[in-house]
Amino acid sequence: MQSEVWMEAIRRRLSEKLGEGYEVERTTALKNHGVEAEGISVRKVGDVLAAILYPRPSGGFCREEQTPGEEAGDVDGCVEELLKTYRSQEGREDGFRELVRRMMDWEEIRSYIRPQLLSCMDHQRLIPRLVYRRFQDLAVVYAARTECGSEWGTVRIERPVFESWGISEEELHRQALKNLEQDGYFVQSIPEALGMEPLLGAGGAFLSAAVLTNRSRLYGVAGILLPDMLEEYAKKVEANLFLLPSSVHEFLLLPDDGQISIRALNQMVKEVNQEEVPPMDRLSDHVYYYDRESRLVEWRDEEEGELKGLMRKEGSLGAV
């Protein structure tokens, strides 16, 4: 069964199972890095919320290829899985409805707003929909942090919602940075994270690589917008820092001992991204650099051979 036919069969059967009072439609969600996820949206008639369900394209009941004799049973099995998922989400709908209500009121939602960093190159279709400011090859976008029970998530701020608030982009940015400071950002050396003693150099300075992220480990790379975090760690290790994006959730900080090649680090970041990091979680394919004297975050364009400033100590962005 071809994917197009299979998805339509799933939609029809799910609609039949739910019965009247539900709108069941196929939809395509645009995720990080331009990844498109095809799913089924389920909305109660008259409701502002729709649940998006994603049939698994392989394995279990949700296989796209069947023998003629098992075709109907396979669709039924997949629909039962989707129904089970949908029913488990129904109990959380009140929390989502409350979030939707808050999203329309700036005074209620402002304390939930956080900045996120995304690659401009890899999000060319997504970023124009959002409120953002350019950050060299990155963009600072904004999202409302959500919590439902023990689960965390984010809802990015799109233009129509922002415009309904009647505020300036500068106010949005200031509020996001203020909230960011409450998220429990920390820098922890890798040996310390593993319960080991950190490595010390000749002068007693720390030589260990470290991780910069937040308590929730959710979009933790935004911590570089808190300049004191980098300034304090660079002072502690008595060195400038290479910032290796291991994902959109954390940076690996590596003290510059004068022996490390930026080209080699860039190659390492590319290989790790390709082999270990899901496309939706990738930030960029190159390292950044923190200079403790200028207090600037920079990146080196290998072809031009120059450093490009990204952020000054007061948190202003280099390029708009």
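User: Which residue caps the N-terminal end of α9?
Analyst: Ser261 does, with a side-chain oxygen 3.2 Å from the backbone nitrogen of Arg263. Before going on: this is a predicted model, in which local features need pLDDT of at least 70 and side-chain atom pairs count only at pLDDT 80 or more, while totals for chains, interfaces and linings use all residues. Residues are numbered from 1 along each chain as its sequence is written, and side-chain values use heavy atoms, with hydrogens and water left out.

User: How far apart are the end C-alpha atoms of α9?
Analyst: They are 21 Å apart, which agrees with the 21 Å that the 15 residues of α9 (residues 262-276) should span at 1.5 Å a residue. The expected span is 1.5 Å times one less than the number of residues. Helices (H or I, at least four residues) and strands (E, at least two) are DSSP runs, numbered from the N terminus.

User: Which residues of α9 are buried?
Analyst: Ile262, Leu265, Asn266, Val269 and Asn273. Buried means under 20% relative accessible area, exposed over 50%, and partly exposed in between (1.4 Å probe, protein chains only).

User: And which residues are exposed on the other side of α9?
Analyst: Arg263, Gln274, Glu275 and Glu276.

User: Where is Ser284 found?
Analyst: In the loop between α9 and β12 (288-291). Ser284 counts as buried because its relative accessibility is 5%. Leaving aside neighbours within four places in sequence, Ser284 is in contact (heavy atoms within 4.5 Å) with Asp137, Pro245, Val269 and Asn273.

User: What joins the side chains of Ser284 and Tyr288?
Analyst: A polar contact of 3.3 Å. A polar contact is a pair of N or O atoms within 3.5 Å; within protein, one must be able to donate a hydrogen and the other to accept it, and residues adjacent in sequence count only if both atoms are side-chain atoms.

User: New topic, salt bridges. How many are there?
Analyst: The count comes to 17, where a salt bridge is a side-chain nitrogen of Lys or Arg within 4 Å of a carboxyl oxygen of Asp or Glu. Side chains of opposite charge can pair when their charged atoms come close.

User: Which residue forms a salt bridge with Arg13 at 2.2 Å?
Analyst: Asp76, and the 2.2 Å is between the closest N and O atoms. Arg13 lies in helix α1 and Asp76 in helix α2 (residues 71-90), so the pair ties together parts that are 63 residues apart in sequence.

User: Now the inside. Which residues touch the most other members of the largest nonpolar core?
Analyst: Ile113 and Leu243, in a core of 45 residues. Helix α8 (residues 227-237) gives the most to this core, with 5 residues. A nonpolar core is a set of buried Ala, Val, Leu, Ile, Met, Phe, Trp, Tyr and Cys residues joined through side-chain atoms within 4.5 Å.

User: What does Leu243 touch?
Analyst: Not counting residues up to four places away in sequence, its contacts include Ile224, Leu230, Phe251 and Val297. Apart from this core lies another, of 17 residues, among them Trp6, Ile10, Leu14 and Leu82.

User: Last one: how many helices and strands are in the protein?
Analyst: There are 9 helices and 14 strands. Buried residues make up 43% of the 320 residues.
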